[in-house]
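Take a look at the protein below.

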Amino acid sequence: MSEIYVRSWSQLHDMLFAESWDDEIGRFRSRLAFRGLSDENYELATTLMRLGGDYSILERHLLRNFKKYAHRSMVERDSVWHWLALAQHHGLPTRLMDWTYSPYIALHFATANLERFDCNGVIWSVNYLLAHQKLPERFRLKLDEEGANVFTMEMLSQCVGCLNELPKIGEGDYLIFVEPPSIDDRIINQYSMFTVMPDSTMLVNDWLQQHPELWQKIIIPAELKWEIRDKLDQANITERVLFPGLDGLSHWLKRHYSPKSEYGR
């Protein structure tokens, strides 16, 4: 298991950018996707899983009714993947999971919840280039054809037309990284990407455990969170930027002016 417990901001910073150098082009171009969580014990579970009950059966009903009641002008193309991206963006439980290209944005989500400042946080990082080498041939050929490292929703639609088809492609489970369409500034500012798996009941961290060469889990000690949070705020990585609008502004101001004494440490 590739877990690293950091002790300082500088060590954390070095770990987040450790694999960013690309010899082929002579540039710092990371191939890592990041996800930040406020508690190291949280699993990589989708919002669909967190719904509970017979969530795998309820998935199609959720999406069908979302499509029925949503304005059709809201979706770029009438494909299941574009509808899923729109639904995830607006809070519907789906099998998609949010990731980001930005380690700083992942750090924000690991340190934004003051109620969890007594817990160690965590940053998961996954090499999406290596993960995609484990995809079934149909998907790998599509990436090669496009000269791409990550799928767009349009590319994914050209590979598979419905969710029921996913488990029938190839053998075993796999992890697909896909960029959502730029629906609004929130997706753009968060440098967003999603993951999707053919089995909606499989935790991403369970799949990653089978492929330890793909990932790292960086543990952020609780006592380091305030320093990280203050430095992110100074760098303008805040709710005001990541959630444009009055809601994001209000969340930023509430957190910014919350007394440290109320949350210990």
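Leaving aside neighbours within four places in sequence, S258 is in contact with L114 and Y263. The model is predicted. S258 sits in the segment after α13 (246–256). Is S258 buried or exposed? S258 counts as buried because its relative accessible area is 16%, and the cut-off for buried is under 20%.

Now the cores. In soluble globular proteins, nonpolar side chains tend to be buried together. Here the largest nonpolar core has 29 residues. W81, F139, F151, L156, L166 and I176 have the most contacts inside it. Several elements give two or more residues to this core, including α3 (55–69), α7 (137–146) and β8 (176–179). Which element gives the most? That is α4, with seven residues. W81 touches M153, L156, S157, V160, L163, L166 and V196, not counting residues up to four places away in sequence. A second, separate core has 23 residues, among them L44, V122, V204 and L214.

| Pocket | Volume | Lining |
|---|---|---|
| Largest pocket | about 990 Å³ | 39 residues: 17 nonpolar, 15 polar, seven charged |
| Second largest pocket | about 280 Å³ | 15 residues: seven nonpolar, three polar, five charged |

In the largest pocket, D98, F109, R186, Q190 and F243 lie nearest the centre. Elements that each supply at least two residues of this lining include α4, α5 (103–111) and α13. In the second largest pocket, the lining residues closest to the centre are E59, R60, L63, L163 and N164. The largest share of that lining comes from α3, with seven residues.

Technical notes: Residues are numbered from 1 along each chain as its sequence is written. This is a predicted model: local features need pLDDT of at least 70, side-chain atom pairs count only at pLDDT 80 or more; totals for chains, interfaces and linings use all residues. Side-chain values use heavy atoms; hydrogens and water are left out. A nonpolar core is a set of buried Ala, Val, Leu, Ile, Met, Phe, Trp, Tyr and Cys residues joined through side-chain atoms within 4.5 Å. Buried means under 20% relative accessible area, exposed over 50%, partly exposed in between (1.4 Å probe, protein chains only). Helices (H or I, at least four residues) and strands (E, at least two) are DSSP runs, numbered from the N terminus. Contact means heavy atoms within 4.5 Å. On a 1 Å grid over the protein atoms alone, a cavity is a set of points where a 1.4 Å probe fits but cannot get out, and a pocket is an open set with protein on both sides within 12 Å along at least five of seven lines; lining residues have an atom within 4 Å of a point. Grid points are joined across faces, edges and corners, and a volume is the space filled by probe spheres set on the points. Ala, Val, Leu, Ile, Met, Phe, Trp, Tyr, Cys and Pro count as nonpolar, Asp, Glu, Lys and Arg as charged, and the others, Gly among them, as polar.
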